[in-house]
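Biologist: I would like to go through the labels attached to this structure and hear what each one rests on.

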Amino acid sequence: MAVIPARIYRRVEAALHHRGEARTKGLQRYQDAVDHATRISSGLTERVQSSTSGDRLERDVIRIAEASDALNEAERWEKVFRRLDVYFAGQDEAKAAQLLYIEHLPQNVVAKKMFVDRQTVRRWRDSYVCHAALLAAEAGLIRMEDDE
């Protein structure tokens with residue numbers, strides 16, 4: 001099994017715990033920014049453009065760009081999750097990941113539900129998270145260097 005830095009392990013696990021939420025929030029954030037910018041820009045056409053209105057519009061354009069970047073990242077994470085689902089389909093690791101990251105159950109409860117010990121659940125979790133980290137690195141979502 002691969003050994004990855006703890007900070008990357010934590011980041012990948014956080015993404016797994018919030019699977020699906022990032023994309024939904026990203027879509028909402030992007031739509032809110034676009035709506036706000038649309039309201040500001042339509043107001044600019046009705047009156048003489050002032051520096052404060054232009055500044056607000058510029059801030060909105062920046063918000064749209066940031067929201068677009070966050071949405072793009074969330075969509076790349078979703079691709080990683082889909083590839084994980086395919087790779088681990090029908091395996092115990094997938095069932096353990098479902099219980100740990102979707103249902104948010106503690107390891108001891110997962111172990112009882114799956115009739116195994118906690119060490120086995122940890123081994124499955126580590127395998128799942130390490131594979132997710134490799135796919136995320138391939139997708140450009142994480143870097144293994146320390147200068148992140």
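Biologist: How do you know what confidence the model carries?

Modeller: This is a predicted model. The protein chain averages a pLDDT of 81, and 74% of the residues score at least 70. Helix α5 (residues 107-114) has the highest confidence, at 96, and helix α2 (residues 21-46) the lowest, at a mean of 63.

Biologist: What does the model have for residues 45-49, where pLDDT stays under 50?

Modeller: For residues 45-49 the model has four contacts beyond four places in sequence.

Biologist: Why is Val80 called buried?

Modeller: Buried means under 20% relative accessible area. Val80 has 3%, so Val80 is buried. Its place is in helix α3 (residues 51-87).

Biologist: Which residues is Val80 in contact with, leaving aside its neighbours within four places in sequence?

Modeller: The contacts of Val80 are Ala132, Leu135, Ala136, Ala139 and Leu141.

Biologist: How many aromatic pairs does a search of the whole structure find?

Modeller: The search finds four.

Biologist: What makes the pair of Tyr87 and Phe88 edge-to-face?

Modeller: Planes over 60 degrees apart count as edge-to-face. The planes of Tyr87 and Phe88 are at 80 degrees, so the pair is edge-to-face. Their ring centres are 4.9 Å apart, and the limit for pairing is 6.5 Å.

Biologist: Why is the pair of Phe88 and Tyr128 called tilted?

Modeller: The angle between the planes is 40 degrees. Stacked needs under 30 degrees and edge-to-face over 60, so 40 degrees counts as tilted. The distance is 5.0 Å centre to centre.

Biologist: What parts does the pair of Phe88 and Tyr128 tie together?

Modeller: Phe88 lies in the loop between α3 and α4 (92-102), and Tyr128 in helix α6 (residues 118-138), so the pair ties together parts that are 40 residues apart in sequence.

Biologist: Are Tyr87, Phe88 and Tyr128 buried, partly exposed or exposed?

Modeller: Phe88 at 2% and Tyr128 at 4% are under the 20% cut-off, so both count as buried. Tyr87 is at 48%, between 20% and 50%, so Tyr87 counts as partly exposed.

Biologist: Which residues do ring pairs link into a cluster?

Modeller: The cluster holds Tyr87, Phe88, Tyr101 and Tyr128.

Methods
Residues numbered from 1 in each chain as written. Predicted model: local features only at pLDDT ≥ 70, side-chain atom pairs only at ≥ 80, totals over all residues. Heavy atoms only, no water. Helix = DSSP H or I, 4+ residues; strand = E, 2+ residues; numbered from the N terminus. Buried < 20%, exposed > 50% of the residue type's maximum accessible area, 1.4 Å probe, protein only. Contact = heavy atoms within 4.5 Å. pLDDT = per-residue confidence, 0-100. Phe/Tyr/Trp six-rings, centres within 6.5 Å; stacked < 30°, edge-to-face > 60°.
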